[in-house]
Amino acid sequence: MRDKILIANGQGFWGDSILGPVRLVREGPLDYLALDYLAEVTMSIMQKLRSRDPRAGYATDFVRMLDRILPEAHQKGIRVIANAGGVNPRACMEAVLELARKKGCSGLRVGVIEGDDVLDRLDEFLADGEELRNLDTGEPLAAIRERISSANVYIGAPAVAACLAAGADIVIGGRITDPALVAGPMLHEFGWALDDWDKLAAATVAGHIVECGAQCTGGNYTRWQDVEGWANIGYPIIEARPDGAFWVTKHDGTGGLVTRDSVVHQLLYEMGDPTRYLGPDCVADFTSAQVEQDGRDRVRVAGVRGGPATGTFKVSISYLDGYKAVGQLTVSGPDAVAKARLCAAIVFDRLALDGVTFRDDQKTVELVGSGVCHAGIAPAIDPPEVVLRIGVRDPDRAKVDRFGMEIVPLVTSGPPGVTGFAGGRPKATEVVGYWPALVSKHRIAPTVHVETVR
Amino acid sequence: MARVRLGEFAQARSGDKGDGSNVGVFVSNATDYELLRRELTAERVRQHFHAICLGGVERYELPNLLALNFILHDSLGGGGSASLKTDAQGKTHGLALLQMEIER
C-alpha cells in the first residue's frame with residue numbers, strides 16, 4: 001500500500017476550462033485526475049442527443065480534453081476518472097479507445113462503469129413497490145411518468161474502486177457522484193472496508209472540497225483582492241493518507257491560494273444539514289472536520305466522522321416541464337428604470353391585445369443594473385442604463401414563441417433609448433424538470449468492464 | 001458597540017439546493033462566531049432576504065468551522081432550468097447576506 005496518493009480535480013462541471021486538466025498533467029506530480037462533467041440538467045440533454053444518434057449522449061469535451069493530455073498522462077502513470085459517460089458510457093469508451101489508438105497509447109486500459117441508467121427500469125421498480133416519490137414534494141411519479149426523459153442512480157466510490165482494481169487507466173462512468181470520483185481512488189489504494197464509515201466520510205469530504213475545481217483555490221472567494229495569478233489559477237489536489245487524514249493543496253508555481261478560508265468556503269457550498277451529508281457510501285458529518293493551515297497553500301483536514309449509509313440510492317429523474325423564453329434589451333437613461341418598466345408593460349399589454357396572456361408567477365421582469373441579484377437589499381439607484389430582461393414560462397410552446405416576437409419591436413415603437421437587441425428573437429426552449437427520488441440499493445448493481453488499447 | 005457590515009469581518013459562499021439556496025457564512029475567531037450565533041437568527045436572515053426568499057429559512061451551526069449555514073427555501077424562482085431569474089442558482093446570495101449590518 002502506498003502511504004500517500006495525489007488526486008486532483010481538473011473539471012468542476014460541464015463547461016469548465018480545458019486548461020484545468022491540461023495544466024494539472026503538465027505542471028506537477030499527480031496520481032489520479034478526477035473530472036466532473038455532469039449536472040442534473042446535463043443527463044436530460046444527453047438523453048436527447050442519444051435519441052437522435054445512438055453514438056451520442058456523453059460529454060464530448062472529455063474526449064477533446066484527452067486529445068490534449070494523451071499520451072503524456074499515460075506515460076506519467078496518471079489515471080483518469082470521469083463521469084463523462086453521461087447516458088452512453090459505452091459510446092464514450094469507444095471514442096476514447098479510438099483516440100488512444102490514434103495517439104499510439106498501446107497498452108492503455110479503458111474502463112467503463114454501467115448500471116446507473118435506470119430509464120428503462122422505472123416501470124419494473126414501480127411494479128415492485130418502489131414509489132419513486134419526489135423527495136422534495138412527496139408527489140407520486142405518476143404525475144410526470146409520461147414526460148420522463150432520463151433517470152440515473154447516483155453511484156458511489158466502490159464502483160470506481162472496482163474499475164481501478166480491474167486495471168483501468170481511464171475510468172468512464174455515468175452518474176457517479178462528484179465526491180466518489182475522488183473517494184474511489186482512496187478506497188482502491190488504501191483498501192478501506194466498506195463499513196469503515198469515518199474513512200468513507202473523510203473521502204467524501206475530500207471529494208466535496210475539490211468537486212468544483214478552482215472554487216477551493218481562490219475562485220469565487222469573498223476576499224478576491226487577496227488572490228493573485230488568476231489566469232493560471234491552480235486546480236485543487238488532495239494528498240490522501242491511509243488513516244483518513246488529508247491535505248488540500250495545489251501545484252507549486254500556480255496561481256490562486258489554498259487557505260483555511262478557501263477550504264471552508266467550499267465546505268459550505270451546496271450544504272444542507274451539515275451533520276447528515278447523505279451520499280451513496282456513508283452519511284458524513286461535516287461538523288466533525290478539523291481544518292487547519294499547515295504551510296503555504298496546504299490545508300490539513302482530519303477528524304472527520306461518518307455513519308452508516310442509508311438503504312437507498314438517490315435517483316435523478318428529469319422530465320419535460322413546459323417551455324420558456326427570456327429576451328433582453330438595453331435601455332439607456334435618462335429615466336432608464338422608468339422606461340424599462342414601461343417597455344415590459346408594453347410587451348405584456350400587446351400580447352394581451354392578441355389574446356396571449358401568462359400567469360403572473362410564470363413571468364419575469366428584471367432591470368439588470370438596478371439591483372436584481374440583491375433585490376430588496378441593494379439601495380435603489382437610477383443608473384445611466386439598465387438591461388431589461390423579460391421572460392415567460394408556459395406549457396404551450398406556441399405561446400412562448402409568440403412572446404419572443406414582441407420584444408424587438410420596442411426599439412421603434414417604445415420609449416427612446418432602447419438598443420442592444422443583438423440576440424434577435426428569443427425562441428422557446430424546453431424546461432427540464434428535476435425529480436429527485438430514492439430506490440432500494442439491492443436493485444442496483446453497477447458493473448465494470450475494461451478494454452486494452454492494442 | 002458599533003454598526004458594521006457583516007462583510008467587514010465575515011466571508012460567505014452560496015449555491016443552489018433544489019428550489020432554494022444555501023448560504024454559508026463564517027468568521028475567523030470564536031468571539032465573532034458567538035456574535036454570528038447571537039445576531040444572525042433565521043428570522044433576521046429571512047427579513048434580510050424578504051424580496052428574494054419566499055419560503056422559510058433554516059439555520060445550522062458548524063462550530064468547527066466557525067460557520068453558520070442557512071437554507072433559503074423558495075428563493076430561486078423554481079430553480080434549475082425552470083427558473084427565469086438571472087441568479088437561478090443563488091450564486092450571489094452569499095454576498096447579499098454580507099451586506100447586512102449588525103451591532104458589533
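**Exercise 1. State which residue stands opposite Tyr277(A), and describe the sheet concerned.**

Solution. The model examined here is a predicted one. Step one: Tyr277(A) stands opposite Ala284(A), a residue of β10(A). Step two: the strands β9(A) and β10(A), the latter covering residues 283-285, pair in the antiparallel sense over two bridges. Step three: these strands belong to an open sheet of three strands in chain A, with the order β9-β10-β13 and antiparallel pairing. Its edge strands are β9 (277-278) and β13 (305-307) of chain A, each of which pairs on one side only. Step four: helix α9(A) packs on this sheet and touches β9, β10 and β13 of chain A. The direction of α9(A) makes about 110° with that of β13(A).

**Exercise 2. Determine how helices α8 and α9 of chain A pack against each other.**

Solution. Two packed helices are described by the angle between their axes and the distance between the axes. Step one: α8 (residues 178-190) and α9 (residues 197-210) of chain A pack at an angle of about 130°, and their axes are 7 Å apart. Step two: because of this angle, α8(A) is oblique to α9(A). Step three: the crossing in which α8(A) passes α9(A) is right-handed. Step four: the residues that α8(A) brings to the contact include Leu181(A), Met186(A) and Leu187(A), while those of α9(A) include Leu200(A), His208(A) and Val210(A). By class, the residues of this contact are 11 nonpolar, three polar and one charged.

**Exercise 3. List the buried residues of helix α1 in chain A and name elements that cover them.**

Solution. Step one: in α1 (residues 19-27) of chain A, the buried residues are Gly20(A), Pro21(A), Arg23(A), Leu24(A) and Val25(A). Step two: their cover includes β1 (5-11), β2 (32-35), α3 (60-69) and α4 (72-75) of chain A.

**Exercise 4. Decide whether Glu406(A) is buried or exposed, and locate its contacts.**

Solution. Step one: Glu406(A) is found in the loop between α12 (397-404) and α13 (410-413) of chain A. Step two: a residue is buried if 20 or more other C-beta atoms lie within 10 Å of its own. Step three: Glu406(A) has 21 C-beta neighbours inside 10 Å and therefore counts as buried. Step four: leaving aside neighbours within four places in sequence, Glu406(A) is in contact with Val347(A), Arg350(A) and Leu351(A).

**Exercise 5. Give the number of residues of each chain in the contact between chains A and B.**

Solution. Step one: 42 residues of chain A are in contact with 33 residues of chain B. Step two: the side of chain A that touches chain B has 19 nonpolar, 12 polar and 11 charged residues.

Notes:
Residues numbered from 1 in each chain as written. Chains lettered and ligands numbered in written order. Predicted model: local features only at pLDDT ≥ 70, side-chain atom pairs only at ≥ 80, totals over all residues. Contact = placed C-beta atoms within 7 Å. Nonpolar A, V, L, I, M, F, W, Y, C, P; charged D, E, K, R; others polar. Axes fitted to C-alpha atoms, helices over the stretch in contact; angles between N-to-C directions. Helix = DSSP H or I, 4+ residues; strand = E, 2+ residues; numbered from the N terminus. Parallel < 35°, antiparallel > 145°, perpendicular 65-115°, else oblique. Left-handed = near helix turned anticlockwise from the far one by under 90°. Buried ≥ 20, exposed ≤ 12 C-beta atoms within 10 Å, placed from the backbone. Pairing = 2+ DSSP bridges.
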